[in-house]
Amino acid sequence: MREAYDVAAVRAAERALMELVPDGALMGRAAAGLASVCASLLGQYPGHVYGTRVVVLAGSGDNGGDALYAGALLTRRGASVTAITPGSRAHAGGTDALRAAGGRVQAVQDGAPQDGAISQADLIIDGLLGIGGRGGLREPFAGLAQRAEQARQAGATVVAVDLPSGIDADTGAVDGPAVRADVTVTFGAIKPGLLIDPGAGHAGAVELVDIGLDLKDPAALSPQRYDISELLPRPGPESDKYRRGVLGLLAGSDRFTGAALLATGGAVHGGAGMVRVVTAPAAAALVRQVWPETVLTVHPDDPDWDLIGSVGRVQAWVAGPGMGTGPDAVARLTAILGTDLPVLVDADGLTILSQVTKLLPRAAPTLITPHAGELSRLLGTDPSSVEARRLEHARRAADRLGVTVLLKGSTTVIASPGGSQPVLVNPTGTPWLATAGSGDVLSGLAGALIAQGLEPAQAGLAAAYLHGLAGRLAAAPDPDAGEAPIGASDLVRALPAAFRSL
């Protein structure tokens, strides 16, 4: 797992280490790591620094000092380095080191630098603000960030020091102008805001420089391939269809037949030993043709129908995709949530939860898989607020509703109730997943993993990871041939390859 730590934990670890090492040792380690990464990005050939043009945007804090000392190291390797200092003061030691190495230091006047150094730069180092910064950039910082972005669009490389200036390190929120980097060199620990959008979208590739911090209790975890492989259930010699997990799937309707097909496909390819599909007549006819291995129950239009007694034994439920929101659907969801089995609720089920608030919390494990619009209805807030502060809203929903929340989107965030567990962040998302029915596939896949015994957060994380891999494989089965648009059915077909890739 890639571990991410919040600002308070990083600050405490820095203070503890600074009591053990000479003054300036941590900044020296950080500057050396930063300079090394920058050197690898410079020149016609990586590492050929001589003759390149570097601009350092240096605020008055430690990040500015890191950037200035790194600039001095690059100057000694033959780069032409200009530091632009927008504040009333700059880091004294870093400024002196850069000047001593032969670099230039230039103040901002009237909100703009005095020459075209930024527009002519090959590489720009963003050391304007540190991890304690909050809110969007103000002038003259905002103007420098805009000029850096213009230079980046023209071909310059932007490297952020610790995190892009204007990003909230703990949450990834971007509340105004902010630097957009190609690479972020972060020190001691990854910060949650580098993993979670919108901050992650500003960070680019994240390079971690170890400066010797002793950190415990991460705020967020992002899995690697090995972590997901270890999570996945595998059948053994004594396995049968019941031991492998039986999933009950309440999905689809006469109007939304595709939701049942797609969710069933995700469940079948998710490894469950049996999938019992509960759906309407038209959807049942299609599921029978496409997925003959499932066990079908056609529900009547009767709120008093005994769903639980009619379906047979299951180990977990998925409820919601395309099932409708009328009184019959409310009754069916109420029956499922009234059991002591794990339940995943998605799509129409989430709409019902936002209208019938008495259904949550429940004692048994529960996973909900909303997108920003669905979560905003559950919380009574605006979708744009959820998108801007994904981590904050996922945590709030988990605590308020007493469920595990998998917030879908550009970066999938998974928060467990109680706040004692780290937030989980999926790294495999791709814009190709933004297609109708994609969430139905995810629901079936995650439900199958829950039926096989995974806890809701583990199942959600493994499902999101595999779902993202399937999207990438479906869009580009041959990476050398480029990418092509995909539909949700392509995700279902790509799931076996995603599993095999682990």
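Two strands pair if DSSP finds at least two bridges between them. Strands themselves are DSSP runs of E with at least two residues, while helices are runs of H or I with at least four, and both are numbered from the N terminus.

A quick note before you start: this is a predicted model, where local features need pLDDT of at least 70 and side-chain atom pairs count only at pLDDT 80 or more, though totals for chains, interfaces and linings use all residues. Residues are numbered from 1 along each chain as its sequence is written, and side-chain values use heavy atoms, leaving out hydrogens and water.

**Exercise 1. Find the strands that pair with β13, and work out whether its faces are buried or exposed.**

Step 1: Start with β10 (residues 246-250), which runs parallel to β13 and is joined to it by four bridges. Here L249 has V318 of β13 as its bridge partner.

Step 2: Now take β14 (residues 343-345), which pairs with β13 in the parallel sense over three bridges. On this side, A319 is partnered by V345 of β14.

Step 3: Trace the chain from β13 through helix α11 (residues 327-337) to β14, and you get a right-handed β-α-β unit. Right-handed means that, with the strands pointing away from you, the path from the first strand over the helix to the second runs clockwise.

Step 4: Check the faces of β13 (residues 316-319): A316 and V318 on one side, and W317 and A319 on the other, are all buried. Buried means under 20% relative accessible area, exposed over 50%, and partly exposed in between, using a 1.4 Å probe and protein chains only.

**Exercise 2. Say which residues lie nearest the centre of the largest pocket, and which classes its lining has.**

Step 1: On a 1 Å grid over the protein atoms alone, a pocket is an open set of points where a 1.4 Å probe fits, with protein on both sides within 12 Å along at least five of seven lines; lining residues have an atom within 4 Å of a point.

Step 2: The largest pocket holds about 900 Å³ of space, a volume being the space filled by probe spheres set on the grid points.

Step 3: Its lining has 42 residues, with K408, G409, S410, T412 and L433 nearest the centre. Elements that each give at least two lining residues include α16 (438-451) and α17 (456-475).

Step 4: Sort the lining by class: 15 nonpolar, 19 polar and eight charged. Asp, Glu, Lys and Arg count as charged; Ala, Val, Leu, Ile, Met, Phe, Trp, Tyr, Cys and Pro as nonpolar; the others, Gly among them, as polar.

**Exercise 3. Track down where the backbone has cis peptide bonds or a positive phi.**

Step 1: Remember the background: most residues other than glycine have a negative phi, and most peptide bonds are trans.

Step 2: E139 and P140 are joined by a cis bond, omega about 5°, and P140 sits in the loop between β5 (123-127) and α5. Another cis bond links L360 to P361, with omega about 0°.

Step 3: D217 isn't a glycine, yet its phi is positive, about 55°. D217 is exposed, because its relative accessibility is 70%.

Step 4: A347, also not a glycine, has a positive phi of about 55°. This residue lies in the loop between β14 and α12, and A347 counts as buried because its relative accessibility is 16%.
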